[in-house]
Each structure stands twice: as C-alpha cells, then as structure tokens.
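Me: I would like to learn how to read a structure of this kind, feature by feature. Could you take me through it slowly, giving the general idea before the particular case?

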Amino acid sequence: MLDRVAGQLERYMDLLSARQKLVASNIANLDTPGYRTRDVDFQSEFQSAAGLNPEVVEVTGLPVKNDGNNVNLDRESRLLAENALRFQVASSLMRAQIHTVESAINGGGQS
Amino acid sequence: MSLFSVLSIGASGMASQRARAELLTENLANAETTRTPEGGPYRRKDVVFASTEVGSPFASVFSGELESAGGVAVAGVVTDTRDPERRYLPGHPDADAEGYVAFPRVNPAEDMVDLMGAARGYEANVAAISAVKDMIARSLDLLR
C-alpha cells in the first residue's frame with residue numbers, strides 16, 4: 001500500500017521541485033534581455049510518469065517586452081506560492097503514509 | 001536533490017540585481033561629476049544580464065547531469081556613449097575655451113525607475129528562496 005501511494009507522492013513532489021526550480025529561474029531572469037519563460041507541462045508529465053527528468057517547454061501567450069523578455073512576475077509569484085502549498089499538502093500526505101506504516105510496525109497501540 | 005540548486009538560482013538573481021543597484025546608485029551619485037580618471041565627465045553605466053547555468057560543482061559531479069534551469073549573471077557593464085550635456089558655466093574650472101562645461105548625461109528619473117525595478121527584482125528572488133527553503137524544511141520533516 002505504501003509503495004503505490006508513496007511512489008505517486010514522490011513523483012508529485014519531484015515534479016513540484018522541478019517546476020519550482022524553473023519558476024526561480026524565471027524570476028532570476030526577470031530582466032535578462034531575450035529570455036523566455038520556461039515551465040513544465042505538469043498534467044502530462046504527471047500522467048506519463050515515465051522519465052525522471054521532465055521536459056522543459058517555453059510558455060506561450062505571454063506578452064513580450066521591448067527587450068524580448070516575456071517573464072511575468074505576477075504569474076511567477078502565483079506559481080511560487082502555489083507550488084509551495086502543493087508541496088506542503090504532498091509532504092503532509094507522505095507523513096501520514098509513513099505514520100500509518102509506523103503504527104502498523106508498533107502494533108497500533110503505543111506510538 | 002534539485003531543490004538545493006534552486007537556492008543558487010535565487011542567490012544568482014539577488015547578486016545580479018544588487019550589482020545593478022550598485023551601478024545605478026553610482027550613476028546617481030555621479031550625476032554632476034565632471035572629472036574622472038579617464039578624463040572628461042562621468043558616463044552613465046548599466047549592466048547587461050545573461051542567463052547562465054548554475055549549480056554547485058558537488059551537485060553536478062554527484063548527479064552527473066547538466067542542470068537544465070539556469071540562473072542569471074552580469075555579462076558586462078555598458079557605458080553610455082551619448083554626448084555629454086554642455087552647460088554654459090564660464091567660471092567653472094573645467095570649462096572649455098567657449099565657457100561650456102561637459103556634464104554627465106544622467107537622468108535621475110531614469111535611474112530611480114531602474115533602481116525600483118532592481119529592488120523589486122531582488123525582493124522577488126528573496127521570496128523564491130524563502131519559498132524553496134520552506135519546501136526543503138518540509139522534506140526534512142518527513143524524517144522526523
């Protein structure tokens with residue numbers, strides 16, 4: 001039981017880390033001329049669950065500034081907060097999973 | 001673990017924005033400087049940012065992979081090539097034969113706006129670092 005759910009959670013947290021890294025990279029390059037916003041396709045990457053390294057894509061549809069940069073700070077701030085909260089949820093669930101196994105090992109009584 | 005390299009990315013953003021703020025402050029401080037070691041009036045300076053690959057040597061050797069997401073670095077400093085502003089001040093020691101003094105072409109409004117941009121950029125990077133720090137702390141909590 002632990003394997004399947006924990007495996008999914010691990011994949012989820014890995015993807016969130018990868019995404020958070022790209023968000024941080026986008027924020028760092030807020031003023032780099034010609035830089036294009038990068039992201040991962042979260043849904044499809046999560047469903048494919050194949051490779052460990054998610055594919056990085058350029059985000060389309062964002063307004064481009066005069067210097068060719070299209071980083072939108074509002075979008076990145078939202079994603080930053082969203083990823084942190086999602087990660088918080090995932091780690092709480094993971095903790096609950098671990099706790100379940102722990103109490104099974106301890107015989108359910110005292111722990 | 002890739003989360004730790006995010007800290008380097010945020011730090012690269014902070015360092016670059018700080019370098020930019022330093023130059024902008026230098027511009028403002030030297031808005032009226034008519035003498036420089038190179039001769040002539042001070043010339044406005046600005047940074048050029050370029051995205052880079054970051055990551056500690058340890059992490060890249062350990063994982064044996066090239067990090068895909070990059071940070072930012074100051075690729076160079078550009079000096080303004082516009083002609084200096086000429087003001088008629090015959091009594092000034094740096095005045096030329098016609099009585100004009102070459103002053104730096106520094107527009108305080110331009111620099112103040114850029115300085116605000118640099119401060120906001122710095123703040124955004126700090127927010128990114130603290131969000132990631134929280135995520136790392138959460139991961140460590142799983143061990144307890």
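Reply: Let us begin with the interface, keeping in mind that this is a predicted model. The size of an interface is often given as the accessible area lost when the parts come together. Here the area buried between chain B and chain A is about 2,400 Å², and carbon and sulfur atoms give 64% of that area. On the chain B side, Met135(B), Arg138(B) and Leu142(B) lose the most area to chain A, and together they account for 26% of what that side buries.

Me: How many residues does each chain bring to this contact?

Reply: Chain B brings 34 residues to the contact, while chain A brings 31 residues.

Me: How should I read chain B by itself, and which pattern does it follow along the sequence?

Reply: Chain B has 3 helices and 4 strands, and read along the sequence they follow the pattern α-β-α-β-β-β-α. Of the 144 residues in chain B, 33% are buried. If you look at contacts in chain B between residues at least 6 apart in sequence, you find that 65% of them join residues at least 24 apart.

Me: Which residues touch the most other members of the largest nonpolar core?

Reply: In soluble globular proteins, nonpolar side chains tend to be buried together. In this model the largest nonpolar core has 31 residues, and those that touch the most other members are Met13(A), Ile27(A), Leu80(A), Phe87(A), Met94(A) and Leu3(B). At least two residues of this core come from each of α1 (2-28) and α3 in chain A, and from each of α1 (3-29), β1 (45-53) and α3 (108-141) in chain B. The largest share, 10 residues, is supplied by α1(A).

Me: What is the relative accessible area of Arg95(A)?

Reply: Arg95(A), which also lies in helix α3 of chain A, has a relative accessible area of 40%, so this residue is partly exposed. Leaving aside neighbours within four places in sequence, Arg95(A) is in contact with Asp141(B), Leu142(B) and Arg144(B).

Me: Finally, what lines the second largest pocket, and how many cavities of 30 Å³ or more does a search of the whole structure find?

Reply: The second largest pocket holds about 180 Å³ of space, and residues of both chains line it, among them Leu30(A), Lys65(A), Arg20(B) and Asp114(B). β1(B) gives the most to this lining, with 4 residues, and by class the lining has 5 nonpolar, no polar and 6 charged residues. As for cavities, the search finds 1 of 30 Å³ or more, and the largest cavity has a volume of about 50 Å³. Its lining includes Pro41(B), Tyr42(B), Asp80(B) and Arg105(B), and by class that lining has 4 nonpolar, no polar and 6 charged residues.

Definitions and conventions: Residues are numbered from 1 along each chain as its sequence is written. Chains are lettered from A and ligands numbered from 1 in the order in which they are written. This is a predicted model: local features need pLDDT of at least 70, side-chain atom pairs count only at pLDDT 80 or more; totals for chains, interfaces and linings use all residues. Side-chain values use heavy atoms; hydrogens and water are left out. On a 1 Å grid over the protein atoms alone, a cavity is a set of points where a 1.4 Å probe fits but cannot get out, and a pocket is an open set with protein on both sides within 12 Å along at least five of seven lines; lining residues have an atom within 4 Å of a point. Grid points are joined across faces, edges and corners, and a volume is the space filled by probe spheres set on the points. Ala, Val, Leu, Ile, Met, Phe, Trp, Tyr, Cys and Pro count as nonpolar, Asp, Glu, Lys and Arg as charged, and the others, Gly among them, as polar. A nonpolar core is a set of buried Ala, Val, Leu, Ile, Met, Phe, Trp, Tyr and Cys residues joined through side-chain atoms within 4.5 Å. Buried means under 20% relative accessible area, exposed over 50%, partly exposed in between (1.4 Å probe, protein chains only). Contact means heavy atoms within 4.5 Å. Buried area is the accessible area (1.4 Å probe) that two parts lose on being put together, summed over both.
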